[in-house]
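The following exercises are to be worked through with the sequence and the three-dimensional structure in view. Each task is followed by a solution in steps.

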Amino acid sequence: MTTPPAAQTFWAPRAWLPGGWREAVLLEIDGQGRWQLVQPDTPAPEDVPQLAGPVLPGLVDAHSHAFQRAFAGLAERRETEGDDFWSWRDRMYRVAGAVDPAMLRAIAAQLYGELLRGGYTQVCEFHYVQHRPDGQPYAERHAMIHALVDAAAEVGIGLTLLPVLYERAGFAQAALRPDQARFHFDADDVWAAAQAVQRHGHPRLNAGVAIHSLRAARPESLHRLRVLTEGFGGPIHIHVAEQLAEVRDCLATTGLRPVEWLAQQGLLDARWQLVHATHVNRAEIMAVAHSGSTAVICPSTEANLGDGLTDLPAWLRAGVPLAVGSDSQVTRAWREELRWMEYGQRLGLRSRNVAAAPEAGQPATAERLWQAALDGGAAAAGEALWGIHPGARADLLVVDLADASLTGIPSGRLLDALVFSSPGRPWRDVMVAGHWVVREHQQPGSHDRQAHFDSVMQRLWVDAAY
Ligand code: ZN
């Protein structure tokens with residue numbers, strides 16, 4: 001996977017280009033795995049291979065904690081009177097406290113293979129499990145980061161690695177809890193790790209930085225990170241306003257709401273990726289719009305954790321770039337994230353096609369959400385260009401029109417059906433940077449990866465009362 005492909009040419013019957021679907025598209029990829037020529041309305045040349053169906057660009061998974069794949073489906077019983085984000089988190093720490101680099105690599109390789117099949121071709125890894133469980137660094141200080149980098153390289157997905165600033169248990173606490181000891185990374189640790197990732201030089205690997213949350217980082221450390229990242233082009237991710245308790249504690253400590261505080265400190269710019277941004281008011285949304293920052297929404301996880309619903313119509317009206325993330329990995333396909341992004345609104349507002357904007361010439365809900373997630377995902381991943389146009393990385397998904405769920409669907413409604421009619425196995429082929437990573441639904445090495453993942457699951461859960 002590491003050698004650059006030779007220049008290649010394909011022809012697609014349809015492709016989603018900037019602006020929407022176009023017919024009969026000639027596609028040329030250069031030797032660096034980037035689009036070189038994208039030419040619609042071109043009859044199929046005789047000597048050029050034809051792609052087997054309509055083509056979409058890959059999407060960025062803008063928020064992932066890979067290790068949580070080993071916990072998906074295992075937090076769905078309530079044993080006590082109340083169950084919320086915080087009780088879920090205490091149970092999730094069982095996995096966070098148990099994984100070692102070899103286990104993390106196996107979990108991440110399984111996950112990243114699934115994300116590719118789910119239509120993501122780049123994943124932003126918000127990575128905070130850094131040290132041994134007792135908080136001592138590994139002999140190879142970035143062993144856990146290497147596990148993620150190696151897993152992504154193995155399956156061929158693009159990776160934006162985000163080492164996380166994480167240094168206290170809450171606004172009023174000076175230090176981490178014992179079960180958080182292995183997360184400790186200060187601003188200099190974060191910057192050193194990001195630079196190490198940058199030096200790696202892999203063509204599908206980007207470096208960014210992250211702040212766990214305002215509750216987990218001291219204001220001085222945020223400003224230290226700001227100084228260190230002056231002139232840095234990579235993205236800056238932060239969990240923000242996911243929980244009402246966090247907003248309440250932020251107000252009590254600073255007198256301001258989390259997004260309000262970030263804006264007032266002058267921190268926000270187009271590099272910032274505000275993950276969840278669930279509990280925000282209209283003034284905060286306008287501040288984000290002015291800053292050029294992106295809101296990263298993780299609908300399936302936010303539903304699973306009972307976080308609450310963000311004000312999607314207000315984000316869309318304000319023109320804020322939106323991205324989607326798989327976060328806790330309870331869902332690993334973007335079609336399901338977009339569907340739930342809209343369904344949450346329909347349930348809350350008792351209305352249909354909430355994300356559509358017929359007054360702006362955008363009556364198709366799926367198309368508006370898809371285009372927003374494409375644009376926002378590029379910023380989250382630290383990619384200046386994204387999609388099928390010259391200069392962007394040559395990533396694509398080939399739709400399987402033989403799937404029963406797409407039978408008889410008029411071509412203009414294809415994306416509507418892909419998102420809202422629950423097709424079973426939509427992507428026939430997946431390409432990342434000019435390499436085929438899924439061909440005719442087959443993914444090299446997937447059986448071995450699943451076997452490794454199974455052995456890790458046995459180790460993690462053998463003594464648990466499941
Ligand atoms: Zn998260």
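Predicted model: local features only at pLDDT ≥ 70, side-chain atom pairs only at ≥ 80, totals over all residues.

A polar contact is a pair of N or O atoms within 3.5 Å; within protein, one atom must be able to donate a hydrogen and the other to accept it.

**Exercise 1. Describe the surroundings of Thr-42.**

Step 1. Locate the residue: Thr-42 belongs to the loop between β3 (35-39) and β4 (55-56).

Step 2. Examine the polar atoms. A polar atom of the Thr-42 side chain is 3.2 Å from the backbone oxygen of Pro-40.

Step 3. The relative accessible area of Thr-42 is 12%, and buried means under 20%, so Thr-42 is buried.

Step 4. List the partners. When neighbours within four places in sequence are left aside, Thr-42 is in contact with Trp-11, Ala-24 and Leu-26.

**Exercise 2. Classify the aromatic pairs of Phe-85 with Trp-86 and of Tyr-343 with Phe-420.**

Step 1. Note the total: the structure holds 17 aromatic pairs.

Step 2. Take the pair of Phe-85 and Trp-86. The ring centres are 4.8 Å apart and the planes stand at 90 degrees; because an angle over 60 counts as edge-to-face, this pair is edge-to-face. Phe-85 is buried at 6%, whereas Trp-86 is partly exposed at 25% relative accessibility.

Step 3. Take the pair of Tyr-343 and Phe-420. Its centre-to-centre distance is 5.8 Å and the angle between the planes is 45 degrees, which makes the pair tilted.

Step 4. Tyr-343 is in helix α11 (residues 334-349) and Phe-420 in helix α13 (residues 414-420), so the pair ties together parts that are 77 residues apart in sequence. Both residues are partly exposed: Tyr-343 at 26% and Phe-420 at 22%.

Step 5. Look for a charge over the ring. Arg-346 lies over the face of Phe-420, 5.2 Å from the ring centre.

**Exercise 3. Identify the residues closest to the centre of the largest cavity, and the element that gives the largest share of its lining.**

Step 1. Note that there are four cavities of 30 Å³ or more. The largest cavity holds about 140 Å³ of space.

Step 2. Name the central residues. The largest cavity is lined by 18 residues, and those closest to its centre are His-65, Phe-85, Trp-88, Tyr-128 and His-239.

Step 3. Find the element. Helix α1 (residues 85-96) contributes five residues, the largest share of the lining.

**Exercise 4. Describe the setting of Asp-90 and name its partner in a polar contact.**

Step 1. Asp-90 is found in helix α1.

Step 2. With a relative accessibility of 41%, Asp-90 counts as partly exposed.

Step 3. The side chain of Asp-90 forms a polar contact of 2.9 Å with the side chain of Arg-177.

How values were computed:
Residues numbered from 1 in each chain as written. Heavy atoms only, no water. Helix = DSSP H or I, 4+ residues; strand = E, 2+ residues; numbered from the N terminus. Buried < 20%, exposed > 50% of the residue type's maximum accessible area, 1.4 Å probe, protein only. Contact = heavy atoms within 4.5 Å. Phe/Tyr/Trp six-rings, centres within 6.5 Å; stacked < 30°, edge-to-face > 60°. Lys NZ or Arg CZ within 6 Å of the ring centre and 35° of its normal. 1 Å grid on protein atoms, 1.4 Å probe; cavity = no way out; pocket = protein on both sides within 12 Å on 5 of 7 lines; lining within 4 Å. Points joined across faces, edges and corners; volume = space filled by probe spheres on them.
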